[in-house]
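Dear colleague,

My findings follow directly after it.

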Amino acid sequence: MKGPQTDWWKNSVVYQIYPQSFQDSNNDGIGDLNGIRSRLDYIESLGADTIWLNPIYVSPLVDNGYDIADYRAINPMYGTMEDFDALLAEAHAKGIRIIMDLVVNHTSDQHDWFIQSKSSRDNPYSDFYIWKDAKEDGSLPNNWGSTFGGPAWTYVPERDQYYLHCFAKEQPDLNWENPAVREAVYDDMRFWLDKGVDGFRMDVISVISKDPAFPDNDGRYTYIKSYYMGASNGPRVHEFLQEMNEKVLSHYDVMTVGETPNTTTDQALLYTDPERKELNMIFQFEHMHLDYGKYGKFSVERAPLADLKENLSKWQYNLEQGWNSLYWNNHDQPRAVSRNGDDGKYRVESAKMLGTLLHGMKGTPYIYMGEELGQINPVFPSLDDYQDIETRCFIDLLRENNEPESFIREVCHNGSRDNARVPMVWDGDQPNHGFSSHEPWLPCSKANQEISVKNALKDPDLVFYHYRKLIALRKTLPVLRDGTYTLLLEDHPQIFAYKRTDGSDTLYVICSFADGTIPFSIQDLPLSNQEKSNLNHAQLLLSGYPDTPQEIEKIHSLRPYESLMILFPGQPD
Ligand code: TEU
Ligand code: CA
């Protein structure tokens with residue numbers, strides 16, 4: 001929407017939809033825009049007020065849409081521009097905003113810009129991409145590797161040069177040093193903003209500025225040869241984003257979230273401090289890397305609770321002048337219940353606990369489709385069933401390294417992006433889980449068959465209603481938006497506890513990561529004298545168990561993965 005920027009996004013809860021897998025409406029086995037529109041009531045009932053759509057533009061789907069061939073046209077498999085307009089209008093009518101995925105670090109190699117650019121060294125688009133000669137000795141321009149395996153440079157005979165691609169060779173990096181590239185991107189952004197889109201999630205936006213010397217890297221990130229991804233936050237990235245804000249974003253009341261791999265809290269402040277007029281918030285990855293092993297997230301490790309407590313708290317403390325995004329899941333990550341919770345006996349309790357832990361923090365929470373149900377990692381019958389380019393690349397790499405097939409299966413089960421991309425489970429009793437009456441593009445997950453919307457809506461004690469309460473609390477409790485954060489019980493080996501306070505209300509969030517019952521009482525917390533004398537005023541707002549005593553003095557333990565939200569309401573003025 002045109003007009004000066006406001007900070008509506010500080011009150012928002014964002015629901016991420018992977019369009020290919022959410023709801024098929026024309027029974028071709030592929031999710032689509034009309035399918036999403038048919039499910040807006042569900043999203044409205046959850047209470048999320050903003051939808052993030054993964055890319056729906058024309059694309060050859062080498063990287064499932066993150067290789068865009070036309071930024072202003074809808075991929076016909078998702079529907080038409082009229083279908084998009086209808087979705088946007090109906091969402092807005094329900095008070096639901098929609099943000100799009102802006103993928104402008106690179107295009108598809110089928111984009112007209114690249115087709116022209118690679119045809120010769122002197123055409124209007126020649127400098128739209130990053131072309132380099134071979135080194136004197138004929139070797140590649142530098143040692144950068146692609147995130148999806150192999151070198152980050154591919155040779156084109158027509159130019160007798162190499163072009164850079166930090167991702168697949170079908171995803172050539174745009175040359176942001178070229179003002180014409182930036183203006184072309186800004187025009188494409190205006191096209192969507194003038195249609196009423198409410199903002200953008202910006203794909204690997206920290207990578208758009210490269211060191212002009214293109215130096216060899218020190219070989220970090222060798223497990224996926226993605227040397228470059230270790231060097232994002234390049235020299236002109238903030239200049240480019242301030243220009244983008246000044247020329248485009250500042251003219252609309254929109255939200256922006258930049259995806260910025262390998263970004264520290266200091267760097268995050270540069271992106272999100274409102275005084276700098278760049279982005280509203282970023283997706284950082286430090287908590288996603290706590291269980292990384294030799295092969296990154298294709299790992300058998302688990303994030304130690306102490307590291308989670310330290311890292312999530314660091315981001316709460318250090319972004320006071322900025323703003324955090326809060327996420328466990330997305331289309332690139334495995335399911336949080338499997339990764340950080342218990343996807344067996346205590347699936348429901350641990351899913352609720354992870355939701356409480358995240359949604360009690362300061363920032364904008366993101367819910368990835370199915371997270372509100374407590375979805376777990378699917379079991380793919382064979383390694384051949386994985387389709388994601390990143391997973392395929394790792395399977396090849398691990399086999400090159402002679403890793404045992406059992407290890408490869410285990411780390412793909414733990415880390416593959418396909419874990420998040422199987423069809424949404426509407427009704428486990430319907431063909432293809434109610435997603436489609438046609439064989440889906442990616443097989444449905446039997447492991448999630450009972451973890452369905454239909455079952456969730458029938459049972460108030462399942463994860464859906466817990467997430468709905470968390471979202472409702474964020475709309476009604478100012479302390480959740482503006483309160484300070486303080487980690488409590490720092491050294492407790494099984495409890496992650498913190499408090500939020502705004503000088504009036506004080507909220508205590510207590511989360512057990514133990515798979516057994518452990519002793520706990522409210523007196524274990526550093527309550528203020530006033531709180532100690534007002535225990536009877538404290539309110540148990542939310543628990544992961546239906547039968548937790550409302551009188552908090554009667555709580556003497558935490559059951560497996562039990563989570564509590566306890567409010568000491570401010571004294572009425
Ligand atoms: O992801 C950025 C990225 O580097 C991811 O591949 C992530 O680092 C990796 O999965 C490890 O967690 C963005 C998109 O979200 C992803 O889907 C695209 O494949 C990628 O950029 C290229 O556009
Ligand atoms: Ca379809």
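Are Asp24 and Asp32 buried or exposed? Both residues are buried. Please note that the model is a predicted one, and that every value in this message was computed from it.

**Aromatic pairs and charges over rings**

The structure contains 34 aromatic pairs. One of them joins Phe283 and Tyr327 in an edge-to-face arrangement, with 5.3 Å from centre to centre and 75° between the planes. This pair links distant parts of the chain, 44 residues apart: Phe283 is in strand β11 (residues 281-283), while Tyr327 is in the loop between β12 (325-326) and α9 (336-340). Phe283 and Tyr327 are both buried.

A further pair is formed by Tyr346 and Tyr561, and it is classed as tilted because the ring centres are 6.1 Å apart and the planes stand at 45°. Tyr346 is located in the loop between α9 and α10 (347-359), and Tyr561 in the loop between β19 (557-558) and β20 (563-568), so this pair ties together parts of the chain that are 215 residues apart in sequence. Tyr346 and Tyr561 are likewise both buried.

One aromatic cluster is made up of Tyr57, Tyr71, Phe84, Trp113, Tyr125, Phe128, Phe191 and Trp192.

Two arginine residues are placed over tryptophan rings. Arg39 lies over the face of Trp426, at 3.7 Å from the ring centre, and Arg97 lies over the face of Trp8, at 3.9 Å from the ring centre.

**Nonpolar cores**

In soluble globular proteins, nonpolar side chains tend to be buried together. In the present model, the largest nonpolar core has 119 residues. Tyr15, Ile43, Leu53, Phe84 and Met189 have the most contacts inside this core. Helix α5 (residues 179-193) gives the most to the core, contributing seven residues. Phe84, named here for its contacts, is also a member of the aromatic cluster described above. Ile43 touches Tyr15, Ile17, Phe22, Ala48, Ile51 and Ile96, when residues up to four places away in sequence are not counted.

A second, separate core comprises 31 residues, including Met353, Tyr485, Val509 and Met565.

**Two individual residues**

Thr356 is found in helix α10. Thr356 has a relative accessible area of 2% and is therefore buried. Leaving aside neighbours within four places in sequence, Thr356 is in contact with His466, Leu470, Tyr498, Val509, Cys511, Leu542, Ser563, Leu564 and Met565. Among these contacts, Val509 and Met565 are residues of the second core.

Ile518 lies in strand β17 (residues 518-519). With a relative accessible area of 8%, Ile518 is buried. Not counting residues up to four places away in sequence, Ile518 touches His492, Gln494, Ile495, Ser512, Ser557 and Leu558. The C-alpha atoms of Ile518 and Gly341 are separated by 17 Å, and these two residues are 177 residues apart along the chain.

Yours sincerely

Conventions. Residues are numbered from 1 along each chain as its sequence is written. Chains are lettered from A and ligands numbered from 1 in the order in which they are written. This is a predicted model: local features need pLDDT of at least 70, side-chain atom pairs count only at pLDDT 80 or more; totals for chains, interfaces and linings use all residues. Side-chain values use heavy atoms; hydrogens and water are left out. Buried means under 20% relative accessible area, exposed over 50%, partly exposed in between (1.4 Å probe, protein chains only). Rings of Phe, Tyr and Trp (its six-membered ring) pair if their centres lie within 6.5 Å; planes under 30 degrees apart count as stacked, over 60 as edge-to-face and the rest as tilted. Helices (H or I, at least four residues) and strands (E, at least two) are DSSP runs, numbered from the N terminus. A charge sits over a ring if NZ of Lys or CZ of Arg is within 6 Å of the ring centre and within 35 degrees of the ring normal. Contact means heavy atoms within 4.5 Å. A nonpolar core is a set of buried Ala, Val, Leu, Ile, Met, Phe, Trp, Tyr and Cys residues joined through side-chain atoms within 4.5 Å.
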